[in-house]
Amino acid sequence: MKNFSEKNYQKLVSQHEKSPWLKNIFWAFTVGGLICVLGEFILTYAKNMGLPKEDAGCVTSMTLIFFSGLFTGLGIFDKLAKHAGAGTIVPITGFANAVVSPAMEFKSEGFILGVGAKMFVVAGPVIVYGVSSSIICGLIYYLVKGGMPL
Amino acid sequence: MNKRIGERTLYFPSRPSVHGFYSVVGEKESQGPLKDWFDLSIGEGHFGEDSWEKAESKLMETAALGAINRAGLTPEQIQCFLGGDLLNQCISANYASRSLQIPFLGLYGACSTMAESLIAGSVFVDGSFGDYALCATSSHFCSAERQFRFPLEYGGQRPPTAQWTVTGSGACVLSSQGNGPSITHATIGKVVDAGITDLNNMGAAMAPAACDTLITFFKDTKTAPKDYDMIFTGDLGEIGKKLLHQLLQDQNFGAVDNLEDCGCLIFDNETQDTHAGGSGCGCSASVLNSYILKKMQKKELKKILFMATGALMSPTISMQGESIPGIAHLIQLEN
């Protein structure tokens, strides 16, 4: 083609790539905030039931993970996440969804090479880099403060 | 006899005609603006099978048998089956042909495969290698999502430029004789890569290839857009269509007002939440083998161009940093 430049074309394409970012931010903030409020509610409830602070935190995470997995299985999570975006992905709910959804998807290839092998296909990087960065942070803390973080 | 015109346009003197055609679509497509034009809706996507891949293969087999039936033929009478789809190793076409038992050539041209199969079929029939050739392609939203993107229930957001893979299949039987709409010319596309890397903007990756094939065809045949009742592109979607208009203007073709895109026709993007429109091999295949060919049979359209567009995208090489090559194949259909 004559008069065709990749650079100009990519500039033209970028004019058509407009995301409704204000709306996305609003919903991410609202839904993400509500999930955190729900977490605080569960935490306070668990503490009031007499659980120690750390156990109450575990109960909160487990409850949110359970509901996230359940709603993924029921086909509701992705419909909410479509609007909420980062609001559902960033809290622990997003992590649960990222594990449950491929487990469901790859069930057709069997429980070992399907569910087992593909379960962490989305969440795998989060685990790898989450654990790696926590080790690095721990090392830095150890070297700077000269002791184990408590 | 030389059957070439200009740089790379093929001319078919025997005018292979569409002897029978059939379209099968999924639930969402059967609720869209073209719902009354399709032959069969499978409803829920499994189509009685236990996996999406098996369902897609059954889609293509059903469309193929439907087209053969409409042509008043049996599979034994078809001398060549040219089919393809989006899945790795072209499994939908391979497994559809397992039961059809027709000599088979598997094709891959991403979403451009319908036009690719029609060109190959026309060459086969026009070259007198057989009386009948079967051309079919398919795609399935669920099998494409899991291969190219994310699991279905994953809670991600799709950008406005993303397109919705059509669940559907279209098939037609080409014959050296017959009164159906005939394929008179074809232009085989070249791969055009404009450096687009966004996997969620296939329209932008394909528009330059569409423009290249289209202007080559006009130059080779010494015709202009106004010489055709309609020009149908495959699955550029809303954004790709706008970009193609812009590119054609840059190439001094002015405003082309008889250009429509199958990906824009098949869904109502506003109410069906399909963002930039439909995509996939099944998009152009199901629209051609229903809406377009039926309109031609009714003589509402007499002379059209059908140009299926493909983004030759692979998640593997895209992750290695490569851009997405586009391709577009064109055929001219005449009553």
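Me: Which helices of chain A and chain B each supply at least two residues of the lining of the second largest pocket?

Reply: In this predicted model, the helices that each give at least two residues to that lining are H2 (21-48) and H4 (77-84) of chain A, together with H6 (237-250) and H8 (269-272) of chain B. The pocket has a volume of about 590 Å³, and 21 residues line it, with A:Pro20, B:Arg158, B:Pro159, B:Pro160 and B:His275 lying nearest its centre.

Me: How many residues of each class does the lining of the second largest pocket have?

Reply: When the lining is sorted by class, it has 6 nonpolar, 7 polar and 8 charged residues.

Me: Where else in chain A do two helix axes come within 8 Å, and at roughly what angle do they cross?

Reply: Look at helix H3 (residues 53-73) and helix H6 (residues 92-105) of chain A, whose axes come within 8 Å and cross at roughly 40 degrees. Angles under 35 degrees would count as roughly parallel, so H3(A) is oblique to H6(A). The crossing of these two helices is right-handed. Among the residues that meet are A:Leu64, A:Ile65 and A:Ser68 in H3(A), and A:Ala96, A:Asn97 and A:Val100 in H6(A). The residues of this contact divide into 6 nonpolar and 8 polar, with no charged ones.

Me: Which residues make the contact between H1(B) and H2(B), and how do the axes of these helices cross?

Reply: In chain B, the axes of helix H1 (residues 52-70) and helix H2 (residues 91-100) come within 8 Å and cross at roughly 55 degrees, which means that H1(B) is oblique to H2(B). The crossing is right-handed. Residues of the contact include B:Glu53, B:Glu56, B:Met60 and B:Glu61 of H1(B), and B:Ile91, B:Tyr95 and B:Leu100 of H2(B). Sorted by class, the contact of H1(B) with H2(B) has 8 nonpolar, 3 polar and 3 charged residues.

Me: How many cavities of 30 Å³ or more are there, and which residues lie closest to the centre of the largest cavity?

Reply: A cavity differs from an open pocket in that a 1.4 Å probe fits inside but cannot get out. The count comes to 1 cavity of 30 Å³ or more, and the largest cavity has a volume of about 190 Å³. It is lined by 19 residues, and those closest to its centre are B:Cys111, B:Arg149, B:Met202, B:Ser279 and B:Met313. Helix H4 (141-148) and helix H5 (202-221) of chain B are the elements that give two or more residues to this lining. The residues of the lining divide into 12 nonpolar, 5 polar and 2 charged.

Conventions
Residues are numbered from 1 along each chain as its sequence is written. Chains are lettered from A and ligands numbered from 1 in the order in which they are written. This is a predicted model: local features need pLDDT of at least 70, side-chain atom pairs count only at pLDDT 80 or more; totals for chains, interfaces and linings use all residues. Side-chain values use heavy atoms; hydrogens and water are left out. Axes are lines fitted to C-alpha atoms, for helices over the stretch in contact, and angles run from 0 to 180 degrees between N-to-C directions. Helices (H or I, at least four residues) and strands (E, at least two) are DSSP runs, numbered from the N terminus. Angles under 35 degrees count as roughly parallel, over 145 as roughly antiparallel, 65 to 115 as roughly perpendicular and the rest as oblique. A crossing is left-handed if the near helix is turned anticlockwise from the far one by less than a right angle, and right-handed if clockwise. Contact means heavy atoms within 4.5 Å. Ala, Val, Leu, Ile, Met, Phe, Trp, Tyr, Cys and Pro count as nonpolar, Asp, Glu, Lys and Arg as charged, and the others, Gly among them, as polar. On a 1 Å grid over the protein atoms alone, a cavity is a set of points where a 1.4 Å probe fits but cannot get out, and a pocket is an open set with protein on both sides within 12 Å along at least five of seven lines; lining residues have an atom within 4 Å of a point. Grid points are joined across faces, edges and corners, and a volume is the space filled by probe spheres set on the points.
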